[in-house]
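This note sets out several points for a reader who is meeting the structure for the first time. Please keep the sequence and the model at hand while reading.

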Amino acid sequence: MRQFRRLISLFMAMLLAGALFARPPRKVLIVDGQNNHAWRETTPVLKKILEETGLFQVDVATSPPAGGDMSGFRPDFAAYRAVVLNYNGDPWPAGTKAAFEKYVRRGGGVVSYHAADNAFPEWTAYNEMTALGGWGGRTTEKSGKMARFRDGKLALDSGPANCGHHGARLPFVVTLRDPNHPIVTGLPREWMHAADELYDSLCGPAQDLNVIATAHSDPANRGTDQNEPMLMTVRYGKGRIFHTTLGHDVAAMRCVGFIVTLQRGTEWAATGKVTQKLPTDFPTASQVSLRQ
Ligand code: ZN
């Protein structure tokens, strides 16, 4: 009996130590509520992908619907380590924009997911954070240069042209351009992404932009024949931004390449480091790999 009690107290001590030393999950906020994409389907998938790392506790801030009264939409950005943008809709109130800019300038993390780079064409600071965007009336004259990868380096093309385009959803190869970046260290140099929109002709301020991965936009699929940025990092003040153009819909989000880069990119945006182990089911250059 005494031995049993001793075992119990040892067990309790271990639990207590675990509680004391385990790092609490970092708080992440997904912002949604308006999008020309199926945000009601994709937000739960984003949340699941992030929470299954054990690193994040995810809340969701949903705006009023398009045309609604936005004056009360004031997410508490400062309470989070990273904000994942799944929003493409009406302008936010001035106070909310100012709070978001302050949050990022002071070191907050941001993840711009797929059509988030279509949002807010008129908001200068937002476009500086995403570095590149498309649609919403963006042109190279108004919004900035197009960023492509040519001859082993970033090339900035001035138009004149409209910004933002994609062909049909097909699988395509993603090529790492900064393989030593913590988000992609150890991943294959090339991997086959599941059928998705391959964004091309994005343009913007492109300041403090680091292109981590590109994909070749195939002219046979109405593409540009250019290597277009797919995964990027951007600095804004002390803030870190991870920009992924991938993940049009729930089917594309099943790609292990999308999942892993979102998980690692969010950790990098939140902390500046990546502690996640390399997955064993990553796609190869020729083979798509999907999770349920
Ligand atoms: Zn899309």
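Is W92 buried or exposed? The model is a predicted one, and the first point below takes up this residue.

1. W92 has a relative accessible area of 4%. Residues under 20% count as buried, so W92 is buried. Its place in the chain is the loop between β3 (82-85) and α3 (94-105).

2. A search of the whole structure finds 17 aromatic pairs. One of them joins F73 and W92 in an edge-to-face arrangement, with 6.1 Å from centre to centre and 65° between the planes. F73 belongs to the loop between β2 (56-62) and β3, and the pair links distant parts of the chain, its members being 19 residues apart. F73 has a relative accessibility of 6% and therefore counts as buried.

3. W92 also forms an aromatic pair with W123; this pair is edge-to-face as well, at 5.6 Å centre to centre and with 65° between the planes. W123 is in the loop between β4 (109-113) and α4 (124-130), and 31 residues separate the two partners. Both W92 and W123 are buried. Ring pairs bring these residues into a cluster made up of F73, F77, Y87, W92, F100, Y103, F120, W123 and Y126.

4. The next point concerns helix packing. Two packed helices are described by the angle between their axes and the distance between the axes. Here, helix α2 (residues 39-51) packs with helix α6 (residues 256-271) at an angle of about 70°, and their axes are 9 Å apart. Angles of 65 to 115 degrees count as roughly perpendicular, and α2 and α6 are therefore roughly perpendicular to each other. Their crossing is right-handed.

5. Which residues make the contact between these helices? From α2 come L46, I49 and L50, and from α6 come F258, I259, L262, Q263 and T266. By type, the residues of this contact comprise six nonpolar and two polar, with no charged residue.

6. T245 is found in the loop between β12 (239-244) and α6. With a relative accessible area of 0%, T245 is buried. Neighbours within four places in sequence aside, T245 is in contact with H114, D117, Y199, L202, P229, M230 and M232.

7. P179 is placed in the loop between β7 (170-176) and β8 (190-196). Its relative accessibility is 16%, so P179 counts as buried. P179 and R189 are ten residues apart in sequence, while their C-alpha atoms are 6.9 Å apart in space. Not counting residues up to four places away in sequence, P179 touches V184, T185, G186 and R189.

8. The last point concerns backbone angles. Most residues other than glycine have a negative phi. A131, although not a glycine, has a positive phi of about 75°. A131 is in the loop between α4 and α5 (140-143), and at 0% relative accessibility it counts as buried. S201, likewise a residue other than glycine, has a positive phi near 60°. The loop between β8 and β9 (203-204) holds S201, which is buried, with a relative accessible area of 9%.

Conventions. Residues numbered from 1 in each chain as written. Predicted model: local features only at pLDDT ≥ 70, side-chain atom pairs only at ≥ 80, totals over all residues. Heavy atoms only, no water. Axes fitted to C-alpha atoms, helices over the stretch in contact; angles between N-to-C directions. Helix = DSSP H or I, 4+ residues; strand = E, 2+ residues; numbered from the N terminus. Parallel < 35°, antiparallel > 145°, perpendicular 65-115°, else oblique. Left-handed = near helix turned anticlockwise from the far one by under 90°. Contact = heavy atoms within 4.5 Å. Nonpolar A, V, L, I, M, F, W, Y, C, P; charged D, E, K, R; others polar. Phe/Tyr/Trp six-rings, centres within 6.5 Å; stacked < 30°, edge-to-face > 60°. Buried < 20%, exposed > 50% of the residue type's maximum accessible area, 1.4 Å probe, protein only.
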